[in-house]
Amino acid sequence: MKIQFDEINLRAAMIGDVHGLKSSEIKNEQGAALNALAGFRKLVEEGHYGFPHLPFQTAAVEEIEKYAAKVRGSFDTVCLVGIGGSVLGAWALDCALHGPHPVQRAFGPKHPRLVILDNADPALAMAALESMNPKKTLVVVIAKSGATAETVGVFLMVREWLDRKASRRIVAVTSEDVGDLKALATREGYPTFHFPKNVGGRFSVLSAAGLLPAALTGVNIQKLCKGAAGMTHLAWQPDLAQNLALRSALLHYLIWTRKNKTIQVAFPYSNRLWGAAFWFRQLWAESLGKAKTRKGETVHAGQTPVAALGATDQHSQVQLYMEGPNDKVHTFWTIARPADPGRIPRTKLGLEGFDYLAGQSLAKLLDAEQRATAAALTSYHRPNCTFTLDRLDEEHLGAFLQLLEFQTAFVGELLNVNAFDQEGVELGKKFTFGLMGRKGFEAYREEFQRYEAKRAATRG
Ligand code: PA5
């Protein structure tokens, strides 16, 4: 497994002192990075956070594989119902390992497809129900809380749509001892897998939430875990030269907080990594966007993550990145050896604008586009750095996702915020429950009505 991090274009020597980091600035903060590592390690050892343990949970992986082997061949579609961290990991894995949507391989009982219902949008739900055959669909419903309104609403529709043997076609992933999804799964006898207590949605890609859909659609989850385990060993090394996650955490933290780069563009030059970019967007935003430090000081920390796709977004976003506010760090994700280079035919047409490409490859063109964009940004003093995965297979993907999770946890420590809670999403959820008539949320309904009245008065 080989992943590299090229940080040179973050340096002052490349982009100037105002926007780039001097070697001394990086050196001075190495102690803080090592403290972040030690602090996080202590929290993990005390059992507060569990994602670093996931790649080593052989029994859980075997249980998932056993179930997948038992049901294999009886469905052509896995319909995932969930939202946010509960399904973004599964999407990242599917997009990377089965090809980008909407041009995935043909599906059938041997190679089931994944259909993800991650919104309460009736257009998505209805179109999906029309496109799937209830007799050939296995439904996986995922909710750690067991009560997320969007998930429950869609699941009730999907459950009704299944044939009368519904309970044989539903699997649940939820908490072992809380929530109504667990209660329903027990009552109706769904096979059920559990979230570890100390693993939240956005850190759950290597729990059953990510591994079960992956195994059901034919991914080698042992190899995913092997790659992630290798990265975990590296991520505990108190040595910045070896520890990629800690080094990238420190550099992203410094460029953000010292050079005021309040936006991070996650910029894969790979359609297969597009799902992972959306997974990362949630990981970074929800983990690091925080009102207070662990000590209770108000900070309103956060670096806005943006997903951009190379080379497509060179024709959409790069004008802004080059000439707009210099408030971003651009983090490219590239693959050194794509599975198929995509040969361009040798045929020459006698046209100068076409013929120079004859006999080359799309992979070479995409690589040239990325290096050219990095050089252009650098010459405009715009910080950028690059993660390169040697190949895009299970092992490299598992390692890369684990790297990004550790990086996020380490930045959380450097900022001294709790990267594992999400208080900020609660109020909106409570208003929704109030509006939809859930018992116990009457006060939020009333508060919402006062807000509406204020809006009406302001409108005049
Ligand atoms: O990362 C998180 O914790 C969140 O994004 C959750 O995954 C999301 O809110 C869905 O929660 P649940 O799994 O309880 O439906």
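First, helix α4, residues 58–71, and helix α10, residues 221–235. Their axes come within 10 Å and cross at roughly 160°. This is a predicted model, so keep that in mind throughout. Now, which way do these two run relative to each other? The cut-off for roughly antiparallel is over 145 degrees. α4 and α10 are therefore roughly antiparallel. The crossing of α4 past α10 is right-handed.

Who touches whom? On the α4 side, we have Val61, Ile64 and Glu65. They meet Ile221, Gln222 and Cys225 of α10. By class, this contact of α4 with α10 splits into 4 nonpolar, 1 polar and 1 charged.

Next pair. Helix α12 covers residues 274–288, and helix α16 covers residues 394–415. Their axes are 10 Å apart, and the packing angle is about 20°. Under 35 degrees counts as roughly parallel. So α12 and α16 are roughly parallel to each other. α12 also passes α16 in a right-handed crossing.

The contact list here runs as follows. From α12: Ala276, Trp279, Phe280, Leu283, Trp284, Ser287 and Leu288. From α16: Leu401, Leu404, Glu405, Gln407, Thr408, Val411, Gly412 and Leu415. The classes in this contact of α12 with α16 are 10 nonpolar, 4 polar and 1 charged.

A side-chain N or O atom of Thr148 sits 2.5 Å from a ligand oxygen. For Gln282, a polar side-chain atom is 2.6 Å from a ligand oxygen. For Glu286, a side-chain N or O atom is 3.1 Å from a ligand oxygen.

Last, two backbone points. Most residues other than glycine have a negative phi, and most peptide bonds are trans. Where does this model depart from that? Take the peptide bond from Gly310 to Ala311. That bond is cis, with omega near 0°. Ala311 lies in the loop between β10, 304–307, and α13, 318–323.

Then His381. This residue is not a glycine, yet its phi is positive, about 65°. His381 belongs to the loop that links α15, 362–379, and β12, 384–389.

That's my tour. Over to you.

Note on methods:
Residues numbered from 1 in each chain as written. Predicted model: local features only at pLDDT ≥ 70, side-chain atom pairs only at ≥ 80, totals over all residues. Heavy atoms only, no water. Axes fitted to C-alpha atoms, helices over the stretch in contact; angles between N-to-C directions. Helix = DSSP H or I, 4+ residues; strand = E, 2+ residues; numbered from the N terminus. Parallel < 35°, antiparallel > 145°, perpendicular 65-115°, else oblique. Left-handed = near helix turned anticlockwise from the far one by under 90°. Contact = heavy atoms within 4.5 Å. Nonpolar A, V, L, I, M, F, W, Y, C, P; charged D, E, K, R; others polar. Polar contact = N/O pair within 3.5 Å; in protein donor to acceptor, adjacent residues only side chain to side chain.
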